[in-house]
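Here's a quick briefing to read alongside the model.

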Amino acid sequence: MKTITIAFLMLFSVSMVAQTNTELKKHYEAYYKQMKKQGDVQGIINAMTHLEVLEPSVARRDTLAYIYLSEGQYMQAINTIGVEKSDTDSDINVEVKALALKNLNQPKMALEHFEVLFIRNPNVYLAYEMADMKIQINDLVGAKLNIDYGLANVKDDMKRTFYERQQPYETSMKAALLYLKGLLKYTENKTANMDTALALINEALAIDPNFNIAKISREALEAQKAQKAAAAAKKE
């Protein structure tokens, strides 16, 4: 009789927990809808986190990580879905990992996921981002391949946004790729390729004279070239 009573109590307890979870799920689903209606991003994150605890879902985790990414909370995005690479990862999942790791200054890890995105959907924008990071990590052969792809496929109406100024600005994607090619040439050989790098940067500025980072780089290279010329003249 005691055994039956214990079993009954356990069954009752399980039933109560299930009922409580169902009620909580309904509550947070309603809360999520209300937060979405109000445009309260933190409220949406809170609601989705509670729903994930109550009823884990890969799709929900991917969406939650994407919201964190959109809000500039890169570490939270990574903590939500991890950094591991899997063939079953959704496009959103891979994009979040790639962009979050890039913004966390982890180019090597980010590139693993950018490569997956590029295989799934090769495009000029991805090619630029990958080339930029490959120059940072000194994968110059890989960077050249990405730049060549970009220049072969870029369209005149394509733009890229830059953020090195207080006010972000857009420039021609072709100009951006030419600038990057100039930077690559300079990185390959800072002495022998200086004129080639300058020519490519000038080509980029011919497309967009207001391309700020290209102007800054040109000034730096011209100053460096003048210093070398002055030093050589002293030796003569």
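Which helix gives the most to the lining of the largest cavity? Helix 9 does, with four residues. Keep in mind that this is a predicted model, where local features need pLDDT of at least 70, side-chain atom pairs count only at pLDDT 80 or more, and totals for chains, interfaces and linings use all residues. Residues are numbered from 1 along each chain as its sequence is written, and side-chain values use heavy atoms, with hydrogens and water left out.

**The cavity**
- The structure has one cavity of 30 Å³ or more (on a 1 Å grid over the protein atoms alone, a set of points where a 1.4 Å probe fits but cannot get out; lining residues have an atom within 4 Å of a point).
- The space in the largest cavity comes to about 30 Å³, a volume being the space filled by probe spheres set on the points, which are joined across faces, edges and corners.
- Its lining is made up of K144, D148, K181, L184, K185 and E188.
- Helix 8 (140-153) and helix 9 (173-188) each supply at least two of the lining residues (helices are DSSP runs of H or I, at least four residues, numbered from the N terminus).

**Positive phi**
- Most residues other than glycine have a negative phi.
- N105 has a positive phi of about 60 degrees and sits in the loop between helix 5 (91-103) and helix 6 (107-120).
- N105 is exposed at 64% relative accessible area (exposed means over 50%, with a 1.4 Å probe and protein chains only).
- N138 has a positive phi near 70 degrees, and its loop runs between helix 7 (124-136) and helix 8.
- N138 also counts as exposed, at 53% relative accessibility.

Key:
On a 1 Å grid over the protein atoms alone, a cavity is a set of points where a 1.4 Å probe fits but cannot get out, and a pocket is an open set with protein on both sides within 12 Å along at least five of seven lines; lining residues have an atom within 4 Å of a point. Buried means under 20% relative accessible area, exposed over 50%, partly exposed in between (1.4 Å probe, protein chains only).
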